[in-house]
Amino acid sequence: MNIFLGNIDAKVDIKGRSFIPAPFRKILQETGDKRLVLRKDTFQDCLVLYPESVWNEELLAMRTKLNKWDAAQQQLYRQFILDTEIVEKDSSGRILIPKRYLLMANISNELRFVGMDFTIEIWSKQNLEKSLLNNSEFINGIQKWMK
């Protein structure tokens, strides 16, 4: 499977439409995924675009770990999928990002698409910059976790 890499600046128009960057559109075309699933990231103030096939794999992995007959586990599963939206590219390669998602991620006009393996994150440029580690924190983290 192809993976998404890189980060690309883009804009969102007044209606909430944005072009998926060409390198990412090419990968989506190669994989045959026409529909995407959009949700707010669990940990960060950004949005995540899942190709439908990747989303289905994520749900299956989650479902196999969570027992639907356990109320607390079922609530976790429900909350994970509760606020998702299926989006499709139009003929120009744009997607419509619903206003509530733009608000969740503090995106107003400029955004950045970030390739994250099998998904694409959508950030406000300001939130992405704030979330990054400084150079020494990054080096220490790499050294700690990649031993």
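How many salt bridges does the count come to? By the rule used here, a side-chain nitrogen of Lys or Arg within 4 Å of a carboxyl oxygen of Asp or Glu, the count comes to 11.

Before the details, two notes on method. This is a predicted model, where local features need pLDDT of at least 70 and side-chain atom pairs count only at pLDDT 80 or more, while totals for chains, interfaces and linings use all residues. Residues are numbered from 1 along each chain as its sequence is written, and side-chain values use heavy atoms, with hydrogens and water left out.

I'll start with arginine 35. Its salt-bridge partner is glutamate 52, with the closest N and O atoms 2.7 Å apart. Arginine 35 sits in strand E3 (residues 35–40) and glutamate 52 in helix H2 (residues 52–65), so the pair ties together parts that are 17 residues apart in sequence. Helices here (H or I, at least four residues) and strands (E, at least two) are DSSP runs, numbered from the N terminus. On accessibility, buried means under 20% relative accessible area, exposed over 50%, and partly exposed in between, with a 1.4 Å probe and protein chains only. Arginine 35, at 30%, counts as partly exposed, and glutamate 52, at 24%, is partly exposed.

Next, aspartate 83 and arginine 100. Their closest N and O atoms are 3.4 Å apart in a salt bridge. This pair links distant parts of the chain, 17 residues apart: aspartate 83 is in the loop between helix H3 (71–82) and strand E5 (84–88), and arginine 100 is in helix H4 (residues 99–104). Aspartate 83 has a relative accessible area of 29% and is partly exposed; arginine 100 is partly exposed at 40%.

There is also a network of salt bridges, linking Asp9, Lys11, Glu110, Arg112, Lys125 and Glu129.

Now the interior. A nonpolar core is a set of buried Ala, Val, Leu, Ile, Met, Phe, Trp, Tyr and Cys residues joined through side-chain atoms within 4.5 Å. The largest one has 22 residues, and Leu49, Ile97 and Ile122 have the most contacts inside it. At least two residues of this core come from each of helix H1 (22–31), E3, strand E4 (47–51), H4, strand E7 (110–116) and strand E8 (119–124). H1 gives the most, three residues.

What is isoleucine 122 in contact with, leaving aside its neighbours within four places in sequence? Taking contact as heavy atoms within 4.5 Å, the partners of isoleucine 122 include Leu38, Leu49, Ile97 and Phe113.

A second, separate core has nine residues, among them Tyr50, Val54, Trp55 and Tyr77.
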